[in-house]
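I am opening a notebook on a structure that I have not looked at before. I want to go through it slowly and write down what I look up, entry by entry.

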Amino acid sequence: MATDCEAWLNANPIELDDLSDSFLSGGDDNGTVTSTKNLHNEVNGNLISSNSSINEARLKAKAKRRLRKNSSRDSGRGDSFSDNGDPAWGPSAPPTSPKSKLLDRKSRLGRGRGLPKKGGAGGKGVWGPPGEVYDLEEVDVKDPNYDEAQENCVYETVVPPLDEGDFERTVTPIVQEYFEHGDTNEVAELLGGLNLGSLRSGVPMLAVALALEAKVSHRELTSRLLADLCGPVLSHSDVERAFDKLLRELPDLVLDTPAAPQLVGQFIARAVRDQILSKGYIEGYKGKVDCQHARAALDRAAVLLKMSKVGLRIDNLWGTGGGQRPVTQLIKEMNLLLKEYLLSGDNGEAERCLRELEVPHFHHEFVYEAIVMVLESKGEKTFKMVMNLLKFLWVSSVITVDQMKRGYERVYMDIAEINIDVPRAYFILEQFVDKSFSEGLIGEKLRDLCPCRGRKRFVSEGDGGRLKLESY
């Protein structure tokens, strides 16, 4: 029997992996276990053990080694194995198949330096490594989506034209902001970004209509704006159509601004002077105007243009308003205002003239000049009239608390120099300050700060006949 087995093994050599439990040890049909006697056979020159338990342990160990080797790659698929190495949830692809590497994010080589992928250029929201410069990509002619007609296309931003309803809501804030900063270049840039179309002539008309209800300085700014916009944004025909429409709508403008005909006439004269209206514009209306307001505006413009030939400067027609005037000019106008008030005694006229100066931050100079005029005057008339004027301006809130206080403090600081020309300046100032406190113009704290001139004592008992050089 042993001779027959040896002859069969020599004729059919087998590998060690192909050994099974049924070859060397197994059970019969009745379930009896075969003998466990050790048998040694020579297979391909190697001695192998025929013990079934040893062979079974070898097979399990090899399956476990293979399981540990592929556990990291196969862990993402949810595969599990039983004790003998067989898959517990059904058959799976062999470790070497492409299907087992679908979810594998590790290196195929099994080694690496731990550096980030793509040199740090990967990840969400990253367009490449730092310092990389992207050039223009050349169009691939072989691309199936390539369209030769789109290669030379030029894309431009299309701004829809403004309608009449949006025109006033869009342009009005631009003009009102211009009254604050006075930069015509900014207005030209903002208007250039709008598609005005046929509504260009509405810009001068809207600006003049807003200036009629504004201050004198705003009217001067409006005239400058029209002169600067004519060319870059507006044409001469746009300006002419705007004034034509203004003349037609004068009856409605007079309801809000009674002086609208005279003001529109001044705007026309200034436009002719700035050469944005032709010189024959006024002559073209002769004998063709039925509205009395339009006729008054044209007559006003014609008179101003005739006066310009004899020395009237139309470019300074509106004057220079607000803080744009020199300080010396403002001081001179305030002195003239006070002198005219002393002659007329009209508080309302004085208030109107002070408001037209448009310098509320400089009203402390008016208070200072008024008090100095009282100190330099002779008699009670100037004292009472200036007191009444300051009280009137205080009650009407033309002069604020800060401006009133600052004007008195400036007089306190300069009283020593004023006293050189006016010996009784200290005495008059004390009376004026006490009267101002009783009228409610100043507070108790400001009244107590009023400087007092010390009384010199020349020779007194106990001084030893010495003169007192100090004042206290």
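**Ground rules**

I note that this is a predicted model, in which local features need pLDDT of at least 70, side-chain atom pairs count only at pLDDT 80 or more, and totals for chains, interfaces and linings use all residues. Residues are numbered from 1 along each chain as its sequence is written, and side-chain values use heavy atoms, with hydrogens and water left out.

**The nonpolar core**

I looked up the largest nonpolar core, which has 53 residues. A core of this kind is a set of buried Ala, Val, Leu, Ile, Met, Phe, Trp, Tyr and Cys residues joined through side-chain atoms within 4.5 Å. For burial I use relative accessible area, where buried means under 20%, exposed means over 50%, and partly exposed lies in between, with a 1.4 Å probe and protein chains only. The residues with the most contacts inside this core are L191, L212, F243, L247, L250, I268 and L277. Which elements give two or more residues to this core? They are α4, α5, α6 (202-212), α7 (216-229), α8 (236-248), α9 (250-256), α10 (260-273) and α11 (292-308). I take these helix names from DSSP runs (H or I, at least four residues, for helices; E, at least two, for strands), numbered from the N terminus. The largest share of the core, eight residues, comes from α10. As background, nonpolar side chains in soluble globular proteins tend to be buried together.

**A negative patch**

Turning to the surface, I found that E177, E180, D183, E186 and E189 gather in a patch of negative charge. Such patches are made of residues with over 30% relative accessible area and no salt bridge, like charges being joined within 9 Å and nonpolar side chains (Val, Leu, Ile, Met, Phe, Trp, Tyr) within 5 Å. The areas come from the Shrake-Rupley method with a 1.4 Å probe, and for residues only the protein chains shown count as cover. Asp and Glu count as negative and Lys and Arg as positive, while His and the chain ends are not counted; the place of a charge is NZ of Lys, CZ of Arg, CG of Asp or CD of Glu. Both α4 (164-181) and α5 (184-192) supply at least two residues of the patch. I checked E189, which lies in helix α5 and counts as exposed because its relative accessibility is 62%.

**Salt bridges**

I count a salt bridge where a side-chain nitrogen of Lys or Arg is within 4 Å of a carboxyl oxygen of Asp or Glu, and by this rule there are 14. One of them joins E356 to R352, with the closest N and O atoms 2.4 Å apart. These two residues lie four apart in helix α13 (residues 347-356), about one turn of the helix. E356 is partly exposed at 39% relative accessibility, and R352 is partly exposed with a value of 39%.

Another salt bridge brings together the side chains of E439 and K391, at 2.8 Å from N to O. This pair links distant parts of the chain, with E439 in helix α17 (residues 425-439) and K391 in helix α15 (residues 380-395), 48 residues apart. I also noted a network of salt bridges that links E220, R224, R270 and D274.

**Single residues**

Q275 is in the loop between α10 and α11 and is exposed at 64% relative accessibility. S397 also has a positive phi, near 65°, and is placed in the loop between α15 and α16 (401-421). For context, most residues other than glycine have a negative phi.

Is T172 buried or exposed? T172 counts as buried, because its relative accessibility is 14%, and its place is in helix α4. My last entry is P160, which lies in the loop between α3 and α4 and is exposed, with a relative accessible area of 59%. P160 and L194 are 34 residues apart in sequence and 8.4 Å apart in space, C-alpha to C-alpha.
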